[in-house]
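Subject: Structure handover

Hello,

Here is the structure you were expecting, with its sequence. My notes on it come after.

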Amino acid sequence: MRVISAYLLAVLGGNASPSEADIKKILSAVGVEAESERIQKLLKELEGKDVQAVIAEGKGKLASLP
């Protein structure tokens, strides 16, 4: 969750495509040591995708849950 949160903070701050260094910088600012493996996995999953579209798709999936 921390890595995803840092990614979203970077996007909200105007960085449409945060790098691993950007995410690590955000996490280190609050005293969290970032795991490169998790960051790289997230970046790979989101590569070429619009974050707003991914969030909208997730909301749709949550709405269908009982």
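Below is what was found, starting with the whole chain and ending with one residue and its partners.

Please keep in mind that this is a predicted model.

Overall layout

The chain has four helices and zero strands. Its pattern along the sequence is α-α-α-α. Taken along the principal axes, the C-alpha atoms fill a box of roughly 35 × 25 × 20 Å.

Helix 1 with helix 2

Helix 1 and helix 2 pack with their axes 9 Å apart, at an angle of about 110°. The two are therefore roughly perpendicular to each other. On the helix 1 side, the contact is made by Arg 2, Val 3, Ala 6, Tyr 7, Leu 9 and Ala 10, and on the helix 2 side by Ile 23, Ile 26 and Leu 27. By class, that contact has eight nonpolar residues, no polar ones and one charged.

Helix 1 with helix 3

Helix 1 covers residues 2-12, and it packs against helix 3 at an angle of about 55°, with the axes 10 Å apart. That angle makes helix 1 oblique to helix 3. Their crossing is right-handed. Helix 1 contributes Val 3, Ile 4 and Tyr 7 to the contact, while helix 3 contributes Arg 38, Ile 39, Leu 42, Leu 43 and Leu 46. These residues divide into seven nonpolar, no polar and one charged.

Helix 2 with helix 3

Helix 2 (residues 20-29) and helix 3 (residues 36-46) pack at an angle of about 130°, and their axes are 10 Å apart. That makes helix 2 oblique to helix 3. The crossing of this pair is right-handed. Glu 20, Ile 23 and Lys 24 of helix 2 meet Ser 36, Ile 39, Gln 40 and Leu 43 of helix 3. By class, the contact has three nonpolar, two polar and two charged residues.

Some residues turn up again here.

Glu 20 and its partners

Which residues does Glu 20 touch, not counting those up to four places away in sequence? They are Ser 36, Ile 39, Gln 40 and Leu 43. Glu 20 itself lies in helix 2. With Gln 40, the link is a polar contact between the two side chains, at 3.3 Å.

Glu 20 also has a partner within its own helix. The side chains of Lys 24 and Glu 20 meet in a salt bridge, 3.3 Å from N to O. Side chains of opposite charge can pair when their charged atoms come close. Lys 24 and Glu 20 are four residues apart in helix 2, so about one helical turn separates them. A search of the whole structure finds three salt bridges, including this one.

Regards

Technical notes. Residues are numbered from 1 along each chain as its sequence is written. This is a predicted model: local features need pLDDT of at least 70, side-chain atom pairs count only at pLDDT 80 or more; totals for chains, interfaces and linings use all residues. Side-chain values use heavy atoms; hydrogens and water are left out. Axes are lines fitted to C-alpha atoms, for helices over the stretch in contact, and angles run from 0 to 180 degrees between N-to-C directions. Angles under 35 degrees count as roughly parallel, over 145 as roughly antiparallel, 65 to 115 as roughly perpendicular and the rest as oblique. A crossing is left-handed if the near helix is turned anticlockwise from the far one by less than a right angle, and right-handed if clockwise. Contact means heavy atoms within 4.5 Å. Ala, Val, Leu, Ile, Met, Phe, Trp, Tyr, Cys and Pro count as nonpolar, Asp, Glu, Lys and Arg as charged, and the others, Gly among them, as polar. A polar contact is a pair of N or O atoms within 3.5 Å; within protein, one must be able to donate a hydrogen and the other to accept it, and residues adjacent in sequence count only if both atoms are side-chain atoms. A salt bridge is a side-chain nitrogen of Lys or Arg within 4 Å of a carboxyl oxygen of Asp or Glu.
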